[in-house]
Amino acid sequence: MQNKFLGTGHQGFHPLRKMRIALSGARYAVLHDFAVAYKVVLSAVILFWCFWYRQWLDFSIVFLATGMMMVAELFNTTIEALCDFLEPQENAKIGVIKDIAAAAAGISILVWGVTLSLEAVHVWQAMR
Ligand SMILES: Nc1ncnc2c1ncn2[C@@H]1O[C@H](COP(=O)(O)OP(=O)(O)OP(=O)(O)O)[C@@H](O)[C@H]1O
């Protein structure tokens, strides 16, 4: 999309360019934020495992919870980066903004953890 104020960017709809931009953003987040990097690896392992045992658990629910957690984590990283860019010094307001973003990411991790635990119980009950 074109920046309405700066006139930068491209006009029109370019899905492949959008996908390339999104992948580049995800790559940057993985390389520069360990919190994102380890969750990507952990999510890939868990999703593979859940897909393998999909006849015993609800893979769609795990997929949804994992996707939601990763989206929240990427937004948290974006807000942290924006805060660090706008205010390199210590600032109580920046602290509060980052804490709120961290709370959103924390809730998504909690939902992810509870979902995985419930599905693990299903698998355990099915295998007994
Ligand atoms: N410029 C700042 N001024 C005041 N407090 C800050 C500032 N930067 C960070 N903090 C405080 O430190 C906490 C951690 O911020 P930081 O940017 O280091 O995130 P992080 O611990 O690396 O998070 P994540 O693990 O998600 O990457 C914030 O939640 C906030 O309370």
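Ala-105 is found in helix H4, where helices are DSSP runs of H or I with at least four residues, strands are runs of E with at least two, and both are numbered from the N terminus. The structure is a predicted model, in which local features need a pLDDT of at least 70 and side-chain atom pairs count only at pLDDT 80 or more, whereas totals for chains, interfaces and linings use all residues. Residues are numbered from 1 along each chain as its sequence is written. The mean pLDDT of the chain is 92, and 98% of its residues reach 70 or more, pLDDT being the predictor's confidence in each residue on a scale from 0 to 100. For the complex, the predictor gives an ipTM of 0.91 and a pTM of 0.87.

Ala-105 counts as buried because it has 22 C-beta neighbours inside 10 Å; a residue is buried if 20 or more other C-beta atoms lie within 10 Å of its own, exposed if 12 or fewer, and partly exposed in between, with C-beta atoms placed from the backbone. Leaving aside neighbours within four places in sequence, Ala-105 is in contact with Ala-72, Glu-73 and Asn-76, a contact being defined by C-beta atoms, placed from the backbone, that lie within 7 Å. The C-alpha atoms of Ala-105 and Phe-75 are separated by 8.3 Å, although the two residues are 30 places apart along the chain.

Glu-73, one of the contacts of Ala-105, lies in helix H3. In an unreviewed entry, UniProt lists Glu-73 under "active site", and the annotation "binding site", likewise from an unreviewed entry, also covers Glu-73; UniProt positions are given in the numbering used here, feature names are shortened, and annotations may be inferred rather than shown by experiment. With 22 C-beta neighbours inside 10 Å, Glu-73 is classed as buried. Apart from residues up to four places away in sequence, Glu-73 touches Ala-35, Val-36, Lys-39 and Ala-105.

Glu-80 is partly exposed, since 18 other C-beta atoms lie within 10 Å, and its contacts, not counting residues up to four places away in sequence, are Lys-98 and Ala-101.

Glu-80 and Lys-98 are both among the residues around the ligand, which are Asp-33, Ala-35, Asn-76, Glu-80, Glu-87, Glu-90, Asn-91, Ile-94, Gly-95, Lys-98, Asp-99 and Ala-102; a residue is near a molecule or strand if its C-beta atom, placed from the backbone, lies within 6 Å of it. Helix H3 and helix H4 (92-127) each supply at least two residues of this shell, and H4 gives the most, with 5 residues. By class, the shell has 3 nonpolar, 3 polar and 6 charged residues, where Ala, Val, Leu, Ile, Met, Phe, Trp, Tyr, Cys and Pro count as nonpolar, Asp, Glu, Lys and Arg as charged, and the others, Gly among them, as polar.

The largest nonpolar core comprises 6 residues, namely Cys-50, Leu-57, Val-62, Ala-65, Met-69 and Trp-112, a nonpolar core being a set of buried Ala, Val, Leu, Ile, Met, Phe, Trp, Tyr and Cys residues joined through C-beta atoms within 7 Å. Helix H3 (residues 59-86) gives the most to this core, with 3 residues. Trp-112 touches Ala-65, Thr-66 and Met-69 when residues up to four places away in sequence are not counted. In soluble globular proteins, nonpolar side chains tend to be buried together.

Val-41, in helix H2 (residues 34-52), is exposed, with 10 C-beta neighbours inside 10 Å, and its C-alpha atom is separated by 11 Å from that of Met-70, 29 residues apart along the chain. Ala-26, in helix H1, is partly exposed, with 14 other C-beta atoms within 10 Å, and the C-alpha atoms of Ala-26 and Leu-47, 21 residues apart along the chain, are separated by 18 Å. Gln-11 lies in the segment before helix H1 (15-32) and is exposed, with 7 other C-beta atoms within 10 Å; the C-alpha atoms of Gln-11 and Phe-75, 64 residues apart along the chain, are separated by 25 Å.

Notes: Two residues are in contact if their C-beta atoms, placed from the backbone, lie within 7 Å.
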